[in-house]
Each structure stands twice: as structure tokens, then as C-alpha cells.
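Please load the model in your viewer and keep the sequence panel open. The tour below goes from selection to selection and says what is there at each stop.

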Amino acid sequence: MQRHISYLQKHQYITRSRIGNFLSDSQWNDVNIQPALYDLKVSGEPYIKLEVWSAPGQERPPFKHAVKQKYRPAKAGQDFGPSWTTHWFHIAVDIPKSFEGKPVQFLFDTNSEAMVWSADGEPIVGLTGGGGIERHVDYLLTPCASAHEPTRTFYIEMACNGLFGNGNYTQRPQDREIYYRLSNAEIVAPNKEAWALFHDVEVISEMATRLSQETPRYWQALKAANSIVNVFEHSDSSTIAPAREIAREFFKAQGGDSNHQVYAIGNCHIDTAWLWPFAETKRKAARSWSTQLNLMEDYPEYRFAASQAQQFEWLKENYPTLFKRIQDKAKSGQFIPIGGTWVEMDCNIPSGESLARQFLLGQRFFKQHFGEICDVFWLPDTFGYSSQLPQIVRLSGAKYFFTQKLSWNNINKFPNTTFRWVGLDGSHVLTHMTPAETYGAQCRPGELIDSVKRHKDIAYSNESLYLFGNGDGGGGPLRAMLERLRRMENVDGLPKVHQAHPREFYKHVEETANELVSWKGELYFELHRGTYTSQSNNKRWNRQSEFLLRDTELLCTVACTGSSDDNEYNYPFEELTRLWKLVCLNQFHDVVPGSSINMVYRDSDKIYSDIFGSVEKLRQGALEHIYGNHFIPSKPNLASELAVVNTTEWMRSSIVAVPDSISGRFKQQSGSGTVQVRDNDGAVLALAANVAGFSSQMVDLERNANDKFIVEHPLSIVQNSDGCFELENRFVRVTVNQTGQIVSYYDIEESRELVPKGETANFFELYDDVPVYWDAWDIEIYNLEKFKSLDGAQVAISDQGPLVASLSVRLPISDQSVLNQTISLSAISPRLDFDCNVDWHENRKCLKVSFTWDIYSDVATYETQYGVVQRPTHRNTSWDMAKFEVCAHKFADLSEFGYGVALLNDCKYGHSTLENTMTLTLLRSPKSPDEYCDMGKHEFRYALYPHKGCFNESNVVQEAYHFNVPLLKLPTASQSSVNLADAAHSQYIRPGNHSPFFSLSGARNVVLDTVKMAEDDKRSFIVRMYEAYGGHACALLSTKLPAYGLEKVNILEEPMESDDGDDLNWLPYSKATKIRFKPFEVVSLKFSF
Ligand SMILES: [Zn+2]
């Protein structure tokens, strides 16, 4: 009878430690499984000959250039650096005869990222050195060495950065002086069976840790792993087979029919820039993806998904053969392009049109290069998801959505896993948030157990997606992960796992789960609220780029549609596409949010300066084409008049600064009441009155001078006996105290005071801004408890009308920082403008400005992409409280019955409204990952716009547009008043004709946002509109542009079913159509001409 010697049920914890030690590569590694993993190892000469060439500075030269250089001898143990440098190794390997019949690997550990290249310039495999979980440093030289192996030569490109850049990113800025040691260069023969046993024990031992002790499988796993340790002897390879037999017996037991099904998909989340610049991302994608292609050869079941068309486009340009291999693997179904967007963008800051362009550019790329568009919108790692995304996703040909970021919420746990996400307009997408709560899973049993435990909708859908592979910096899945996955495919105690295209998962859910719950509205991310503000200049450039491109595409389309044979204009399609790609690139989810290193912002500054310069040229070209000699004189010095172009749909009046070149004639009229010469800088201001939407007009001084409006209600500014300043026009009287705060904002027509007694508006506060962990990312709620009021301002009158009255405010923020502000009231509007100029040198401080109103409402309204969202003004529940800082675009509005005030801005996004106080977050000063974040000069504008009626009855949307889209100014010699459309489309200019090139009537809640030429169709243009307030609408759209027919299209500009029935009917004589809108609906029309 066999003696019973194992009592492991009485010392299970000790046994688990024993099993852990069996695998350890640090302790006991001379007596556990480690010595058995390699049969042979050799290093150094004569087997390995190393030479190196170091590229100058931070250059990243291509292979062709690198191989022509002069190489010097090198050896393991040497250090290479500093940070961000590149070193190319030329390597000659002679495999010794003793390796005959064995697989042979070359191990090369630079402790950094590296890429193996063949001698003829093919990228072969990426390497990630160091001791982390991402480590993979092996390159397979041959699966079976022969007796007489030839000398093998190849190259390795070493990048002096790790997967996460250089240094400890979350606590301090990047380290510029890191040197990386080539710690290992050797030839090895791995013992395949020993490795297989290693992976067996990895899986079984973790099951013995993570399974419940109340299940038989826990005990079976513990016993099996313990038995393996008993059987195995490191110095006797014949013990591997019986040890593996124990494992095989254990894995034989399969799960039942009701088991949870996991759909596994390999991925490597490669941030398009973050702790490294864009240039490094190009190499990261090549390294990561070449590694995956190799794994696909060895593991036919392996499926790998990669997103971001931009990274594929870079690969296509820089690594064409690798791109071709990926295309082939995409055809066979192993490599899965996914996501549908240009980059994995931020979804808080970009405009509606930007989000649409992310899809238009992305889907077109995927269709062109991989034969189909993506039906899964893939965004594992963005800091909140706009309520308009479901509609935009559906209009872009996708219908499924994947993310996991909300698992990071720091206040409330998001309650769903698989659900219908219903957007602002009622569109919905089938959404899944992986219950493993990571996109970088390691293929370990515990993660699969969590996939069941944390699944919140398992009652309706007993399946989940599981994303494995090393992410953030890239790298991707490792061979060991695929080995473990194979062992876990169908084993009792764990859910079943099957590698699949994510589409398979969604389709199956669609077919089987018909009772899924819904989540309506935004997926607010309860963390990273500082990303609405950090790197504020970057956000400003983004806003400006969006509007510049909007104006320019509109004008280019007008120029193009009016082009005739003798007056030809070529729409700059390629250049506009290039510029949109750049705008979209900078909207990557670590760039525009402000969470990247300094290098990235220096790159993005350059990109924006390219955008501004190039767009300006295109816009000027379009204007010149449209107006020819009528407006723009060939000799600029002949100009003496000013014409303005209104690129918005609404009639507007505006005070414009007259360009210096023509200010002379205007100055002569300075007594007329419609021209003003500013005291401080001599700038000449003039009134451009009643400029029709989508139209142009001369600035007519004579007519304005007789304007009753101006004559009867002169603007005034005085300092009272109590020292306060009073600015008054026909609409409002604003009182500003001696510290620049508004103590009274009085609506004259309504006889209504907006500032409660004892309260103020335009009140500056400097808050502590020390988050729990993520510096540039987070504003924390506790910082709202600790602040200093800034009230040491000096105020003086700087403009006294007749068009603009203003105060200049100088507010010291600290010994290092100062804010200069101009507060202006014009003669023509109740709107009060604030132009700010800040010199900012703080450390973990946050500048906010607040406005307290005598207005009471449970909700405030904030602009989002193509619409608005309402959020509570109280903190009743933890869900309300978690939204203590929210993202808004051009405005936030606080309205009650009958009246409201909107806070407009030209580049800020961080807002909050608590009770009756609205706050705008202006600047932050985090030090990591960019130590220089936001240091220095800033310019920004905001404005207050009081209005009769609640938000829905107001024209806040239009006013916010006007605040962001100035009238375009054209110095001209002509006195004619010329319509822009007529100028483009008629040989005869008809002065005084103001018919616009587009007009929308019958629905003040509809915004005409975008006009562009159609993709792939030179005889069509696109008009995109949206319903902005949340109601139905029936608008009549007419145009002066040539148009013979129209159809409703989606964002990809493909025809779509229209619910409008006969309404969407082009009336060729009136050149008009009726269009019906549902609340917040985005409608794109394609006109052919
Ligand atoms: Zn990311």
C-alpha cells in the first residue's frame, strides 16, 4: 500500500508558495525549472561579433542610411544613450556545431526597445528589453540547426527609450540622460518541452490561487501543481514528460455547456504620442506589428486587432513591405484592422465636425487598403465619451462600440458591461466594456475569472470580450500569452476562451441577447477631469484650426462650384485632406487632452503652425477667386474701403478692427459715431451692421452714421463717486468694482438685476491643484476646498466709445504670475467681452473665474458636439457630485423660466456650475509628464451673454458661433456692395443684392455647420447641418450655388434612407428644399451640380 505523505489541504498557502518558487527566475533559479529551459547557451566571440553605429543627436535614420555608416566594435555590457538616441548594431552569428538538430534563438537585451532587421532591409521582429512583463528579447535564428550553419548577419536598431519613454512618467518629467545597457547577447537552444511545462504550471498554479476554495477545481489544481514539482528534477530531462502528463490530466476536464464564453483578441494599444514623440510611434507600430506577424505563423488560431488609420498610413510610407504583409494577414483574417477612426481620439475636446472627420478619414483608409470599413468603433482608452458618439458612429457605418476606460472611475462604478448606449438623438450602438477591465490582459486565469465576476449583465449575455497584449507603449501579445491561452481554451474551472474577430462577439450578442439594458447620454469619465484644461495653448490651436478649416472649406466650395472654363478653380482637395489629417492627429487621446511629454507639444506646435499657414493660403486663394478684382485690388495700396464676409448662417452686426492699410479714410470719420480710434494702440474700429448670413457687404460708414440705433443710445463709461466703473448701452448697465469684479449686471429692458446682492461675477480664484496621482490628468474634488481669492486688481478706463467702452484690469496672481484683462461692452449688444492675457508661472495651482447669478435652476446647459447636454447644478448623489468639473465647448448656460445667462469662450473647456455660480477653469500648472506644461504666455477670451427666455428660447448657439467666427475682412477699392454668391456666379455684379449663397429659414434651431466638396466626386458638394437645441424642426434650405439634385448621405457620404418622405424634394426653380430634423439630428446633404 502506498504511503500517504501529502497533507497539502492543511498547508495550502505554503504549497502555493512552493509552486510559485518552482517558476521563479530570481530565487531558487538554479534548482527549480529555470535551468531546464535552455539546453545550450553561448555568448561572445567567436560565436557573436557585434559592431555598432550611433546616429547623431536624436535622429532616427532609415535602414538604407544606417547600413552605409562606419561601424565600430561593440560588446555586451556596454551602455548606450542618452535618452532618445538611436544605435544600429551589425551582428554576425556563427551557430556552434553542438546546436545541431535544435531550435536556435538569438537573445539580445538592450533594456530598451529595438528592432531586428534582415541584412537586406526587412523588419523582422521587435524586441523589448528589461525585466518587465513586456520583456521579449528573442529572435528565432532557425527552428532546427544543421551541422554546418553558415554565418548569419543581420542588424538591430536600438532605440534609447522603453515602452513608456524615458523615466517614471507619473511622478516626474522624462529623464533626458538615461543610458541603456546591452546586458545580454547570446545564442541559446530552448528546450521546448521544458517551456511547455513552465506554461502548464503557470496556468494551473494561478487557478490554485484564484479559484474559490469551495470548488473542487481549486483543490485539483493545487494537487496537480504540487505533484508536478514532486515529479520534476531539473537535472534530469526525462522527468519533464511525466510532469507534463500530470498537467495533461488536469487540463482534460472541460467546462459545462452553461460556461461563460470569452472572445479573446490580441492587441497592443499604441498611443500615437504620449511619453514619446510621433516619430517614435512610427517605429513602435513597426516593432509591435512585425512581432505579431511572426506569432501568427506559429499560432494559426491567433487573432490580433489594431486601430488608428494614421499608424497604418505611417507604416505604409516607412515600412512598405511590412504593410504588405499586414494586408495579406488581414485578408486571411488573422490581422484585424479595427476602430474606424483616424486616431483613437479624445472625445471631449474635438468638435462634432472633427469627430465626423476622424471617421471619414479613418473609414476611407480602411476601405481603400483593407477592402472594408470597420463596424466596431474601438476606443479602449479615452477620457470620456460624448453623448453624440452613438449618432456619429452610426452615420459612419459602424454599429458596435468597445471601451474599458470607465473602469477607472474614481467615484462611481459604472453599472453595465454589455448594453445599448443611447445617444443624444436616440441613436444607439451595442456597447461592451470588457469585464476584465483592461486592454492589456496577460492571458492569466485570474483575468478570465474576473471576466465572469465583474460582468454586470451576465443575466442577459453570458459572454465577454477579452483584450490581451502589452499596451500603452505597444509591444503586444507575447508567445507565452498564446501558450497560456491554448491551455485555457476549454478547461473546467475557467470560462471558455476562443480567439475571434470582435465582430463575431457583437454579432452573437445581437442574435442572442434581446433584453439588454440601455444607458442614455454621455459616458462621463469620473477621472482625468484636468484634461479639459491642461496644455491650454494646444486646445486653443485645436479650436482655431477647426474654425479656420470650416471657413476655408466653405469658401473653397463656393469658389469651385462657381468655377467656369475661363475662370477655373481647382478645389484643393489633397491639401485640405492633409490638413484635416493633421488636425485629427493632434486630437489623439494624449495630445489634445494635455497628457503628453513636452516633446510632443513642440511637435504639435509645428503641426499647428503648418495648419495655420497652409489654411490661410487656401482661404486667401478662395477669396481671390470668388471676388477677383471686384473686392481685392491687384495693387493693395489702391484699397481704401472695407468689405466683410459673414461665413455663418445668421445676420449679424459686429465691431471690426479696420486693417492698418486702409485705416486712413476711416479715421477721417471718427467723429461720426460709427468709427472709433482706440486710445491705447490707435487701432481703428468700425461698425459692420446687419451683414446677412453667408454673405458679404461693404462697411458703409455713411449709412451707419445715420443709424438710429447708435445715435439714440450712445454708449457710456464713467467712474462713480464710490470708485466703481459703470458701462452702459441701450441693453445693459454693468458695474465693475475697483478689483475688476462685476457687482451689478442690469438688464435695462427687463428691469432685472443679474448679480445677487453681495455677490460678484468675474471673480478670480487660485486653487491648489495637487491630484492623487495623475498630475496633468486630474483635477480632484478636494482641491475645491483650498483656494485663495484674487482681489488685488487695478482697474482703469481704456476705451470710451462710441463703439466700444472698455476697462483694463491688471490682476497679480502671485509674485510670478499676472493677468491682464480688457472688459468691453459694445454699443450694439448686451454681451460683455473679456480679453485675457496671462503670464503664468505656477506650480500645481489652478486659475478659475466664477460668476454668481440671480438665476436658479437644477440644471445647467453645456454645448457638446452637435448639440447640448444638461448636467445638475447640485451634488445630491455621488453621480451628480462626480461631475464637479465638466467639458463644454463654446458655451455654458444657466437659465431659469424667462431668463438666462450664457458664458461663452473661444478656447476653454473646463466648466462647472454649482447652485447659481458658474465657473470656468482657465489654467493649470502640472509638472508631469511635461515639466513646462502651460508655463508662459496665454491669450484667451470669454464673454457673458444675458438673454431673455430660457436657453431653448435664446440664440446662445448663434452668439457662441459669432464669438468664435469673426467676420472676414477684405480691403477693397470698390464701393459696391456685392453678394458673395453673385460675385462667384455672375459676370454682372449687382450692387445691393444681398441674397446669400445659402440660407436656412423656418427653424432657428438648425445650424448649418459644414460645407465641403464631396469625396471622389468633383461635381458634388456636401452641406452638413444639425439641430442644436433638442427639438424637431422643419427648415427650408436654399442656395445660390449651382445645384441640380440632392440626396441625404451619411458621414461617409454614402446615400442613406431618408425619413423625410417627399419633403426632401429639390425645387429647382426656387433652388430650395425642406428638411426635417429630429432633436439633435445631424443631417448631411449631397448636392450635385
Ligand atoms: Zn492610450
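Select Arg244 and Glu193: the two form a salt bridge, and their closest N and O atoms are 3.4 Å apart. A salt bridge here is a side-chain nitrogen of Lys or Arg within 4 Å of a carboxyl oxygen of Asp or Glu. Arg244 sits in helix H5 (residues 240–252) and Glu193 in helix H3 (residues 192–210), so the pair ties together parts that are 51 residues apart in sequence. Helices (H or I, at least four residues) and strands (E, at least two) are DSSP runs, numbered from the N terminus. Arg244 is buried, with a relative accessible area of 13%, whereas Glu193 counts as partly exposed at 39%. Buried means under 20% relative accessible area, exposed over 50%, and partly exposed in between, with a 1.4 Å probe and protein chains only.

This is a predicted model, in which local features need pLDDT of at least 70 and side-chain atom pairs count only at pLDDT 80 or more, while totals for chains, interfaces and linings use all residues. Residues are numbered from 1 along each chain as its sequence is written, and side-chain values use heavy atoms, with hydrogens and water left out.

The structure holds 67 salt bridges. Go next to Lys399 and Glu510, whose closest N and O atoms are 3.7 Å apart in a salt bridge. Lys399 belongs to the loop between helix H10 (389–395) and strand E17 (400–403), and Glu510 to helix H13 (residues 502–512), so this pair ties together parts that are 111 residues apart in sequence. Lys399 counts as partly exposed at 32% relative accessibility, and Glu510 counts as partly exposed at 40%.

Now pick Arg831 and Glu959, a salt bridge with its closest N and O atoms 2.9 Å apart. Distant parts of the chain are linked here, 128 residues apart: Arg831 is in the loop between strand E37 (818–826) and strand E38 (832–840), and Glu959 is in helix H21 (residues 956–964). Are Arg831 and Glu959 buried or exposed? Both Arg831 and Glu959 are buried.

To see a network, select Arg60, Glu113, Glu157, Glu280, Arg283, Lys284 and Arg287, which are joined by salt bridges that share partners.

**The nine-stranded sheet**

Nine strands make an open antiparallel sheet in the order E35-E36-E37-E38-E47-E44-E43-E40-E41; two strands pair if DSSP finds at least two bridges between them. Strand E35 (794–800) and strand E41 (867–872) are the edges, each pairing on one side only. On average, neighbouring strands of this sheet are turned by 20° against each other, direction ignored. Helix H21 packs on the sheet, touching E38, E43, strand E44 (899–905) and strand E47 (936–948), and its direction makes about 25° with that of E44. Contact means heavy atoms within 4.5 Å; axes are lines fitted to C-alpha atoms, for helices over the stretch in contact, and angles run from 0 to 180 degrees between N-to-C directions.

Within this sheet, strand E40 (residues 859–864) pairs with strand E43 (residues 891–896) in the antiparallel sense over two bridges. Thr861 stands opposite Asp893 in E43.

**The four-stranded sheet**

Four strands form another open sheet, antiparallel, in the order E1-E12-E6-E9. Its edge strands are E1 (38–43) and E9 (138–142). Strand E12 (residues 184–190) is joined to E1 by five bridges, and Val42 stands opposite Ile187 in E12.

**The cores**

Which residues touch the most other members of the largest nonpolar core? Among its 273 residues, these are Trp289, Trp853, Tyr942, Phe998 and Met1025. Such a core is a set of buried Ala, Val, Leu, Ile, Met, Phe, Trp, Tyr and Cys residues joined through side-chain atoms within 4.5 Å. Helix H16 (residues 598–631) gives the most to this core, with 12 residues. Apart from this core lies another one of 32 residues, including Ile91, Phe106, Met158 and Ala185.

In H9, 16 of the 19 residues are buried. Gly371, with a positive phi near 80°, follows H9. In helix H15 (residues 573–585), 13 residues reach 18 Å from first C-alpha to last, close to the 18 Å expected. Its buried residues include Leu576, Leu579 and Trp580.

Technical notes
Expected span 1.5 Å × (residues − 1).
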